[in-house]
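Biologist: I'd like to learn how to read a model like this one, feature by feature. Could you give me the general idea each time and then the case in hand?

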Amino acid sequence: VVVAPSRAGLDEEEEAREETPEDREIRREIEKKREVDVLWTGSCAQQPLVCSRFIVAIGRNAAAFLSSFILDSVCWEVVGVVKLWNEWCRTSNTTNVLPTDSFCLFYRLISDPTVLLCQCSCYVAEDQQFQWLEKVFGSMQKKGLQVTILSTCPVADYKTQESTLTLVSPFLKALKTKEFQEPVCCPLLEQPNIVRDLPAAVLSYCQVWQIPAVLYQCYTDVIKLDTVTIEAFKPLLSSKVLKSLAKDASESTKVLKKFLTTSETHNNIYI
C-alpha cells in the first residue's frame, strides 16, 4: 500500500502555533495605522451634533457634483476631516485639497448649522468602514436625522435582461431605507442588483438604526472625473433636500468647468 502525501492536519498545527511577541507587535502597529480618525473643528467639537440633513457624496464624480452645484465658500464652512490610511489611499488633516486628491471633508451650512455635508473621494477599506460609520454617526444625534447618499459605479455592474451595450449611460437608480417616505428622483434599483462598499455600509447602518435614508447611485462607463457623469446627478436638485441648497445654474456651470480644468491640468503633469 502506497500512502499518498497529505497536508491534512497541517493547517491546524500552523494555527495552533503560538503568536510571537514580534508578531503581536507588528499586528498592533498595522491595526493602529489603519485606525480611522474623525477630527471636528470649532463648535462641532462639542458633541453630539444636532443634524437634520446629512448629505454624503462618495467618489470623485459625486463629490465634484456637490462642489459644482451646492458648495461655496460663502454659505458653507469646513467643520471636520477624516484621516485614514490603507493600501489605496492616504488622507491627512489638511482642508486645502485638489480635485484629484484623496480626501474626506465635512461642511456645515452657515445659515442652518443642522445641515451637514460630506465629500468622500478616498477609498475606505472594508475593515475601516465600520470605524467610519461609528465615528461619523456616533458624533450625531440620530433623532430627526435624514441621510442622502450619492455615489457612482461602473455600468457593467448593472444587472438587467437587456444588453448593457444598449443602455444609455450614465443613469441614476435609487435605493432607500424603510423609513424614507419622500418621493425619489429616479427609478428604484431593481433586483438582483446590489450596492457595495461605503455607500452600502452607510445605507445599511441607517436601516439598522431606523434612519430615513436614500442612496442615489449613478451607473457610468467613465471612471475618471467626467462632465456628463457629474451632470447626471442634476435631477436631484429638484429633491426636497437639495432644492433649497442649489446654487445659481450659471455659476454652477462656471465652477464645473474650472473644476475639470484644474483636474486635467493636474493629471497632465504625470503624462
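Modeller: Let's begin with contact, which means heavy atoms within 4.5 Å. Leaving aside neighbours within four places in sequence, Tyr107 is in contact with Leu71, Trp76, Glu77, Val78, Val79, Val115, Leu116, Leu117 and Gln119. This is a predicted model, in which local features need pLDDT of at least 70, side-chain atom pairs count only at pLDDT 80 or more, and totals for chains, interfaces and linings use all residues. Residues are numbered from 1 along each chain as its sequence is written, and side-chain values use heavy atoms, with hydrogens and water left out.

Biologist: Where is Tyr107, and is Tyr107 buried or exposed?

Modeller: Helices (H or I, at least four residues) and strands (E, at least two) are DSSP runs, numbered from the N terminus. Tyr107 sits in strand β4, residues 104-109. Buried means under 20% relative accessible area, exposed over 50%, and partly exposed in between, with a 1.4 Å probe and protein chains only. Tyr107 has 13% relative accessibility, so Tyr107 counts as buried. Its C-alpha atom is separated by 9.9 Å from that of Phe54, 53 residues apart along the chain.

Biologist: And for the protein overall, how many helices and strands are there, and what share of the residues is buried?

Modeller: There are eight helices and eight strands, and 43% of the 271 residues count as buried. Among contacts with a separation of 6 or more, 79% are between residues 24 or more positions apart.

Biologist: Which residues of α3 are buried?

Modeller: Helix α3 is mostly covered, with nine of its ten residues buried. They are Asn61, Ala62, Ala63, Ala64, Phe65, Leu66, Ser67, Ser68 and Phe69. Take Asn61: at 2% relative accessibility, Asn61 counts as buried. Not counting residues up to four places away in sequence, Asn61 touches Thr152, Val222, Ile223, Lys224, Leu225, Asp226, Thr229, Ile230 and Phe233. Ser68, also in α3, is buried with a relative accessible area of 0%. The C-alpha atoms of Ser68 and Ala246 are separated by 9.4 Å, though these residues are 178 apart along the chain.

Biologist: What about a loop residue such as Met140: buried or exposed?

Modeller: Met140 is in the loop between α4 and β6, and its 4% relative accessibility is why Met140 counts as buried. Setting aside neighbours within four places in sequence, Met140 contacts Pro48, Leu49, Cys51, Phe54, Leu116 and Leu145. Met140 and Val50 are 90 residues apart in sequence and 6.1 Å apart in space, C-alpha to C-alpha.

Biologist: Why does the length of α5 agree with what a helix of twelve residues should span?

Modeller: The expected span of a helix is 1.5 Å times one less than its number of residues. For the twelve residues of α5, residues 197-208, that should be 16 Å, and the end C-alpha atoms are 17 Å apart, which agrees.

Biologist: What do the buried residues of α5 pack against?

Modeller: The buried residues are Leu198, Pro199, Ala200, Ala201, Val202, Leu203, Tyr205 and Cys206. They pack against β2 (53-58), β5 (115-120), α4 (126-137), β6 (146-154), β7 (171-176) and β8 (213-220).

Biologist: At what angle do α4 and α5 pack?

Modeller: Axes are lines fitted to C-alpha atoms, for helices over the stretch in contact, and angles run from 0 to 180 degrees between N-to-C directions. The angle between α4 and α5 is about 50°, with their axes 10 Å apart. Gln129, Trp132, Leu133, Glu134 and Phe137 of α4 make the contact with Asp197, Leu198, Ala201, Val202, Tyr205 and Cys206 of α5. Angles under 35 degrees count as roughly parallel, over 145 as roughly antiparallel, 65 to 115 as roughly perpendicular and the rest as oblique. So α4 and α5 are oblique to each other.
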